[in-house]
Amino acid sequence: MKHLPLFDKIPKFSTSLERLKKHFLTVPFLAVFNTLTVLILGGLSVYAKLNNQGDGVERLFSDPFNFWFPYEGILTGVSEVLWCIPVAICAFTFGVLRQKYPRSRSGTFLFFSALLLGVFFLDDRFRMTLILSRLGISTKLIYLCYGSAVFLYGVKFWRYIKTTPYLPLVAAFLLFAISRFEDMLNLRSQGLHAMLEDGTKLLALLNLSLYFWHVCHQEVGRKLPPNADT
């Protein structure tokens with residue numbers, strides 16, 4: 001009797017394995033991102049084991065929750081959720097429109113919007129400006145780069161922006177500017193400091209989310225009507 005590999009002795013194992021592989025390859029980059037994530041987490045585990053740094057790895061996944069003050073950081077969490085909304089819907093809508101209109105003006109606008117807002121989100125979430133300033137890079141220079149990026153973004157897409165209800169977008173960037181410039185002030189009042197820095201940012205993110213939600217909904221409805229494929 002011909003010897004069979006161990007996996008072939010398991011009923012339907014090969015078929016299930018091929019089906020799983022097919023599903024992974026159906027979604028772009030799914031296998032790549034899963035593999036990279038596993039490698040990174042595995043590397044952290046090995047590092048923690050070799051250097052007795054298990055508590056350091058645990059801190060990476062610690063829950064920022066204060067039992068005595070359960071409301072602590074709640075508005076920061078809301079801001080982080082609002083950050084993700086415009087980035088996600090712009091990127092998703094760009095991907096949808098790109099299927100039929102690869103060079104559309106609205107698609108290009110949404111792509112660069114997702115890119116710009118994504119950089120701002122990463123900076124805010126991972127404190128990139130603070131880290132760079134500790135490395136000796138001037139905060140003013142970083143803000144100048146960000147301001148220049150916003151200016152070029154506005155100049156490049158102003159014709160398209162004028163066709164949309166752009167007031168929330170303009171208001172959002174002005175509020176972001178107030179939030180960033182507040183860092184340069186030494187205010188004694190903690191409440192005023194929080195409102196000028198975090199309160200204005202929260203309001204800016206709310207306006208951004210509503211603006212891009214409306215624009216993306218409008219573009220999908222305009223270019224991909226319900227009977228487009230019939």
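**Close-up views of the predicted model**

View 1. A disulfide needs a pair of cysteine sulfur atoms within 2.5 Å. Searching the whole structure gives zero disulfides. Cys-90 takes part in no disulfide. Buried stands for under 20% relative accessible area, exposed for over 50%, and partly exposed for values in between (1.4 Å probe, protein chains only). Cys-90 is buried at 0% relative accessibility. Cys-216 is buried as well, at 5%.

**Notes for all views.** This is a predicted model, in which local features need pLDDT of at least 70 and side-chain atom pairs count only at pLDDT 80 or more, while totals for chains, interfaces and linings use all residues. Residues are numbered from 1 along each chain as its sequence is written, and side-chain values use heavy atoms, with hydrogens and water left out.

View 2. Side chains of opposite charge can pair when their charged atoms come close. The cut-off for a salt bridge is a side-chain nitrogen of Lys or Arg within 4 Å of a carboxyl oxygen of Asp or Glu. That rule gives six salt bridges. Helices (H or I, at least four residues) and strands (E, at least two) are DSSP runs, numbered from the N terminus. Arg-59 is exposed, with 57% relative accessibility. Asp-55 is partly exposed, at 43%.

**View 3. A salt bridge connects Arg-125 with Glu-80.** The N to O distance is 3.3 Å. This pair links distant parts of the chain, with Arg-125 in helix H6 (residues 105-126) and Glu-80 in helix H5 (residues 74-100), 45 residues apart. Arg-125 is partly exposed at 37% relative accessibility. Glu-80 is also partly exposed, with 26%. A charge sits over a ring if NZ of Lys or CZ of Arg is within 6 Å of the ring centre and within 35 degrees of the ring normal. The charged end of Arg-125 sits over the ring of Phe-126, 5.9 Å from the ring centre.

**View 4. Lys-201 and Asp-124 form a salt bridge between buried residues.** Their closest N and O atoms are 2.9 Å apart. Lys-201 belongs to helix H10 (residues 190-223) and Asp-124 to helix H6, so the pair links distant parts of the chain, 77 residues apart. Both Lys-201 and Asp-124 are buried. Elsewhere, salt bridges with shared partners join Glu-219, Arg-222 and Lys-223 into one network. The charged end of Lys-223 also sits over the ring of Tyr-101, 5.5 Å from the ring centre.

**View 5. Phe-212 belongs to the largest nonpolar core.** A nonpolar core is a set of buried Ala, Val, Leu, Ile, Met, Phe, Trp, Tyr and Cys residues joined through side-chain atoms within 4.5 Å. The largest one has 28 residues, and Phe-109, Leu-110, Leu-208 and Phe-212 have the most contacts inside it. H5, H6, helix H8 (139-161), helix H9 (167-181) and H10 each supply at least two residues of this core. Contact means heavy atoms within 4.5 Å. Residues up to four places away in sequence aside, Phe-212 touches several residues, among them Ile-89, Cys-90, Phe-109, Leu-117 and Leu-169.

**View 6. Phe-173 and Phe-176 form an aromatic pair.** Rings of Phe, Tyr and Trp (its six-membered ring) pair if their centres lie within 6.5 Å; planes under 30 degrees apart count as stacked, over 60 as edge-to-face and the rest as tilted. The count is 18 aromatic pairs. Phe-173 and Phe-176 are tilted, at 6.5 Å centre to centre with 55° between the planes. Both lie in helix H9, three residues apart, about one turn of the helix. Phe-173 and Phe-176 are both buried. The Tyr-211 and Phe-212 rings have centres 4.9 Å apart and planes at 75°, so that pair is edge-to-face. Tyr-211 is buried at 2% relative accessible area, and Phe-212 at 1%.

**View 7. Asn-52 has a positive phi.** The value is near 55°, in a residue other than glycine. Asn-52 sits in the loop between helix H3 (30-51) and H4. Asn-52 is exposed, with 67% relative accessible area.
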